Number of protein chains: 2
Amino acid sequence: MSHQATVLNKAAHPFNKANLDALLNRRFFYAPAFEIYGGIAGLYDYGPPGSSLQANIIAEWRRHFIVEEHMLEVDTTIMTPAPVFETSGHVARFADWMVKDVKTGEVLRADHLIEGVLEARLKGDQEARGTQQDPSVVEDKDKKKRKKVKSTAIQLDDRIVAEYESVLAQIDNYTGIELGKLIRKYAILNPDTGNEVDDPVQFNLMFDSSIGPTGKQKGYLRPETAQGHFLNFARLLDFNNGRLPFASAQVGRSFRNEISPRAGLIRVREFTMAEIEHFVDPEDKSHVHFSEVKDVKLRLLPKDVQSSGKTDVVEMTVGESVAKGLVDNETLGYFLGRISLFLIKIEIHTSYGWIECVGCADRSAYDLTVHAKKTGAALVARVALPEPVFTEKEVPTFDKKALGKTFQKDSELVRAFVTDLPEEALVKIKNELASASLSSLILTIERRTLKQSSTKFGNSLPTSSEPSFGIGRILYALLEHSYWAREQDIQRGILSLPAVVAPTKVLIVPLSANDLLLPLVQQISAKFRRAGVFARVDDSSASIGKRYSRNDELGTPYGVTIDFATDLGALCFRERDTTDQRIGKIDEVVAVTTDLVKGAIQWAEACQRLPAYDGVQAVD
Amino acid sequence: MSHQATVLNKAAHPFNKANLDALLNRRFFYAPAFEIYGGIAGLYDYGPPGSSLQANIIAEWRRHFIVEEHMLEVDTTIMTPAPVFETSGHVARFADWMVKDVKTGEVLRADHLIEGVLEARLKGDQEARGTQQDPSVVEDKDKKKRKKVKSTAIQLDDRIVAEYESVLAQIDNYTGIELGKLIRKYAILNPDTGNEVDDPVQFNLMFDSSIGPTGKQKGYLRPETAQGHFLNFARLLDFNNGRLPFASAQVGRSFRNEISPRAGLIRVREFTMAEIEHFVDPEDKSHVHFSEVKDVKLRLLPKDVQSSGKTDVVEMTVGESVAKGLVDNETLGYFLGRISLFLIKIEIHTSYGWIECVGCADRSAYDLTVHAKKTGAALVARVALPEPVFTEKEVPTFDKKALGKTFQKDSELVRAFVTDLPEEALVKIKNELASASLSSLILTIERRTLKQSSTKFGNSLPTSSEPSFGIGRILYALLEHSYWAREQDIQRGILSLPAVVAPTKVLIVPLSANDLLLPLVQQISAKFRRAGVFARVDDSSASIGKRYSRNDELGTPYGVTIDFATDLGALCFRERDTTDQRIGKIDEVVAVTTDLVKGAIQWAEACQRLPAYDGVQAVD
């Protein structure tokens, strides 16, 4: 048996990105969109395995968040009228700084240009000093976003090295003018051409368009789904019977007109995201299910460590992180825990590289406040009080008929004036009414006990925590972590995708195209379909080995081989990662596969139920 | 028992659209997008029940088409560079004619304006003649798209009536100039203002934008997903091991910048569609599974009947319709059958009104041809021949070394020249080589038998049949067909959504907010979750009756009431349409509900397993 060795192999081989990229392209997980038209940077199409994988990740996301936590799903429009993003601040601020190559006119993102050039110089410095960084250490978080700049081995002053490192640590915080100064100060040129670049100019990242035929109604494609949650807040609150906290959730397409995207699925102009807005009382950010995640371990990069340019990660539980203040409150901590559990479930280990797959922002009450102010809509919530509050109050009541007869058209003015009087004034009038018998037919003032069951948030609107998932980035990270190759064939890869997200769960492989096998193929396909397990038949003329290796690349976890022995009731079963072969009766193989796919049993138990196949080695 | 009467009630009550619209808005199935900003015509947001319903319809669509038929799913971008739609013809032709109110500047769609005004005049004529149409007859197919125009009872000349009817029957076929002439001829004014309108101007329905920071790369939002299938044809064919026929499928958002949309979900500017492109040999449009649908009954409106302005529907089977030539070929017939089965499964009866929910076009090879011509990409397919073809041929072989030695840098020229010689010339040389002993070291010519297993389509590219589903329209039709009201409360509605698509399958209703019931609520929720049945708890303070009637409006098919008797193991079960109440042990109620939701049993069997509840009538 060789599979023990093969499994070990997985960890032993260094990750080969070029081979993975070739596999993903060859098997059409995804490919540049409009490829036959020369392609457009930052736009990708998903082929059949990529589409399935994406659909499965989204389905698991829906189960993990929307269904388990009873979130309120919404599906709002992408096209958005300009006033919404003017109010939210996106028109003014959702922008990057760009510079133009003075000769070719090529447009570059200013911060990425500076980063790329300074990092290349630092790398050249290390080469010159002979102190190159260990490539196995945690990578720079922005590595994947930028154009590669070639380094040259030139040693720098120690003072310059320190300056560069300080600039890189703060690169996200510079204004356009500051970026321009850095470019001049460090004589940064376009690395592709060696030309100078001009001053940074702001470029808004929203795609714009025009709604309707008049040309007068400007629209933007949303750069996030969040505004669709905020604008529907009042309706969602009503749907939730007026109670807080609640969470809305949305899976949908968003658009960002990136200046010069060059990093595959990591930085794209159109992407599917999954966003949650958890609306909560700003005075009480505790979470009712916090205890369920408090022992989940997180690896955190504290703010002060990050801004010093370091990447020293600390590991602690959700409970500790909230107690120590690294994570601001229970609600935020709860979502960090739940997100971590989700990523583990679909097997994204966050141990490789630093890509933002999920952002978990505290948006405070900003969005609701600005939209309410702009539109006058009441985006407020009432909370049920734990116990009703009883207050005593002087309450004026009018006899409408008598009031109207006496004051005619001024009746309403009088009524409003009296009603708005302060408590003491009402008491005074009450006493006067009691002492005299003045107007008693019109006005009565009584002391009453009022019951209050809910309260409006005072001046503060509900605040929202926003876990925001980039589905494409999660998908890519998952592919990267799942990829390896067998020692005997390094060119061909295996994607060890977990069954829950694998595009196809079972490959059905008839030994030959012989028509005699067709009824068996159909019978076994039908059994899998009834069991709810997605199976595909590969009856192409390629050899069995080739068909299996094609499906290793597609991440198909299990396979069954149909040959003439199957007719006698014995079905051969193959596991992708180990290439281990087992044998069993048709119904038992289908049952074991179903249990494996649904996560009801592990591989060890499958091996107990299905004996090892010791037949001819023709099958692999 | 009153439920017998209640069920009959459903058919007896005339459909009340205003009440349905109020229900859909109140329960947030969907609502105008950007409502608090005044709304934008043709843009709608889906709330929680609408989102779930949509997701369930799409899931069922995926099962029915993609999974059962092993279609190749793709997920392509919405943002599309201009050259694609220039090639496809959309830039030139995907347009409507619009006219402007000369005084207010209001923009109207020319054909809809003419239709609305002429139909109102015809209606007025019928009122004047006292021959009003029976409202129960099939409605005009465009009724739902347009602005309502009020009719006035004025009798028309018989000649004019005939002219109007002829114009209406051909309204889709007029050019802009012709529409302008009709407006002048019939003195058509803007019905809202009584003002004249100016001449029709073409308005392209694609939203445009600009890709990247240069402002030079124009993009459009796709108005259909189809181009994403065509542009990836070569990759999909390769994924399918080079074999035809195959079908690609895509569910995604598309955009059409409608001139003046006014018909709710029926005509919107942004919508989710599900499209299939079935690529087939143009010489052979038979379908391997045709026999499975040949007995499905279709109601068809033949082309000649339609163009005569009539609406006389004929009913026949798929088999007959293909045999008689009403449906062009088996592949088209197959999809009409499958679509019909899908709509019946989710209970869209096409007996009400005429809305295009699904278009099933034969796109021929148009798209592949124009893209191949424009880009030079090889969008061709090879088909496996039923049996390999063997041909005999003279084949020249060269001794590379000797060839190089003799002809040096001209070697390749010589080789190409000889290889391309016609058969007779090769035979002649072969004979000469045999008779002399000339150059025999360099060149050998042998007669060989060649095996050919596949062939390229001659000059014709594969053609595609395109079933295209408007998910929003299907969703609306489903809601309309599911809606009714009980006699005792006509204001409150019931949505009799089939369980397979209902947003929530089971409502869990604790009798009171008493904490003692909480463990039972959690236990029963967990049982449903484990059974894979989506249940929601309504523990609001509203009365049980109110909670159930709220969920009748949400289309929740089943409910269980938890009270103190449940603690003793008995759970009360309620069916939405009949309000019938049954009782059973907790596990049996969960099992019966699960079977009902999954379609494993019908209501009659559920009644056999769960006896009628004869307790106090407090529950409803």
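Mentor: Gladly! Let's start at A:Ile490, which sits in strand E19 of chain A, residues 489-495; strands here are DSSP runs of E with at least two residues, helices are runs of H or I with at least four, and both are numbered from the N terminus. This is a predicted model, where local features need pLDDT of at least 70, side-chain atom pairs count only at pLDDT 80 or more, and totals for chains, interfaces and linings use all residues, while side-chain values rest on heavy atoms, without hydrogens or water. Residues are numbered from 1 along each chain as its sequence is written, with chains lettered from A and ligands numbered from 1 in the order in which they are written.

A:Ile490 counts as partly exposed because its relative accessibility is 35%; buried means under 20% relative accessible area, exposed over 50%, and partly exposed in between, with a 1.4 Å probe and protein chains only. From A:Ile490 to A:Arg63 there are 427 residues in sequence and 37 Å in space, C-alpha to C-alpha.

In chain B, residue Arg63 gives us a salt bridge to look at: B:Arg63 meets B:Glu60 at 2.6 Å, N to O. The term requires a side-chain nitrogen of Lys or Arg within 4 Å of a carboxyl oxygen of Asp or Glu. Both residues belong to helix H3 of chain B (residues 48-67), three residues apart, about one turn of the helix. B:Glu60 is buried, at 6% relative accessible area, whereas B:Arg63 is partly exposed at 42%.

Over all chains the structure holds 82 salt bridges. A network of them links A:Asp96, A:Arg109, A:Asp111, A:Glu258 and A:Arg267. Six salt bridges cross the interface of chain A and chain B; A:Arg253 forms a salt bridge with B:Asp75, their closest N and O atoms lying 2.6 Å apart.

That brings us to the contact between the chains. It takes 77 residues from chain A and 77 residues from chain B, contact meaning heavy atoms within 4.5 Å. About 6600 Å² is buried there, 61% of it from carbon and sulfur atoms; buried area is the accessible area (1.4 Å probe) that two parts lose on being put together, summed over both.

How do the copies relate? A rotation of 179° with 0.3 Å of shift along its axis superposes chain A on chain B, at an RMSD of 0.7 Å, by least squares on the C-alpha atoms of residues with pLDDT of at least 70 in both. That is the relation of a two-fold axis. In chain A, the C-alpha nearest this axis belongs to A:Ser209, 2.7 Å away.

Finally, a sheet in chain A: three strands form an open, antiparallel arrangement in the order E4-E9-E8, where pairing needs at least two DSSP bridges between strands. E4 (79-81) and E8 (208-211) of chain A are the edge strands, each pairing on one side only. Four bridges join E8(A) to the antiparallel strand E9 of chain A, residues 217-221, and A:Asp208 stands opposite A:Tyr220 in E9(A).
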